[in-house]
Amino acid sequence: MDISGINGISNVFNKNDVQKIDQNNDNTGESFASMLNSAIKEVNQTQVDGYQAMENIATGKVENLQEAVQKIEEAELSLKLALEVKNKAMGAFKQIMAMQV
């Protein structure tokens with residue numbers, strides 16, 4: 001197995017590159033709790049939009065069926081993503097708690 005292409009991997013990041021990455025990050029000092037709260041509000045808003053689109057389809061008030069279905073799919077995907085993030089966070093929390101015992 002030839003791995004000669006990996007030889008230069010140690011020089012991929014030098015101190016100047018890391019400093020450039022740090023400078024490019026837009027760190028506003030927002031806390032984790034406020035980021036989580038805003039993410040939950042976004043998921044909630046997509047759910048509200050999805051339910052509104054479903055109601056509009058059911059009552060015949062929809063003007064663009066494709067856009068309504070897109071909103072419903074977006075709401076479903078955002079909820080699935082939020083649930084997966086919650087599951088991963090709970091799994092990490094359980095692992096941390098098991099280490100402290």
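This is a predicted model: local features need pLDDT of at least 70, side-chain atom pairs count only at pLDDT 80 or more; totals for chains, interfaces and linings use all residues.

Colleague: In what order do the elements of the protein chain run from the N terminus on?

Modeller: Helices (H or I, at least four residues) and strands (E, at least two) are DSSP runs, numbered from the N terminus. The protein chain has three helices and zero strands. From the N terminus on, the order is therefore α-α-α.

Colleague: What percentage of the residues of the protein chain count as buried?

Modeller: Buried means under 20% relative accessible area, exposed over 50%, and partly exposed in between (1.4 Å probe, protein chains only). The protein chain has 101 residues, and the share that counts as buried is 8%.

Colleague: Which residues line the largest pocket?

Modeller: On a 1 Å grid over the protein atoms alone, a pocket is an open set of points where a 1.4 Å probe fits, with protein on both sides within 12 Å along at least five of seven lines; lining residues have an atom within 4 Å of a point. About 350 Å³ of space lies in the largest pocket, a volume being the space filled by probe spheres set on grid points joined across faces, edges and corners. Its lining divides into nine nonpolar, two polar and one charged residue (Ala, Val, Leu, Ile, Met, Phe, Trp, Tyr, Cys and Pro count as nonpolar, Asp, Glu, Lys and Arg as charged, the others, Gly among them, as polar). The residues lining the largest pocket are Phe 32, Leu 36, Ala 39, Ile 40, Val 43, Asn 44, Ser 78, Leu 81, Ala 82, Val 85, Lys 86 and Ala 89.

Colleague: Which element gives the most to the lining of the second largest pocket?

Modeller: The second largest pocket holds about 160 Å³ of space, and its lining has three nonpolar, three polar and four charged residues. Helix 2 and helix 3 each supply at least two residues of that lining. With four residues, the element that gives the most is helix 2.

Colleague: Which side chains meet in a salt bridge?

Modeller: A salt bridge is a side-chain nitrogen of Lys or Arg within 4 Å of a carboxyl oxygen of Asp or Glu, and a search of the whole structure finds one. Both partners lie in helix 3, four residues apart, about one turn of the helix. At 3.3 Å, N to O, the side chains that meet are those of Lys 80 and Glu 76.

Colleague: Is Phe 93 buried, partly exposed or exposed?

Modeller: Phe 93 is found in helix 3 (residues 65-99). Its relative accessible area is 47%. That value lies between the limits of 20% and 50%, so Phe 93 is partly exposed.

Colleague: How far apart in space are Glu 74 and Gln 47?

Modeller: Glu 74 lies in helix 3 and, at 43% relative accessibility, counts as partly exposed. In sequence, Glu 74 and Gln 47 are 27 residues apart. In space, C-alpha to C-alpha, their separation is 8.4 Å.

Key: Residues are numbered from 1 along each chain as its sequence is written. Side-chain values use heavy atoms; hydrogens and water are left out.
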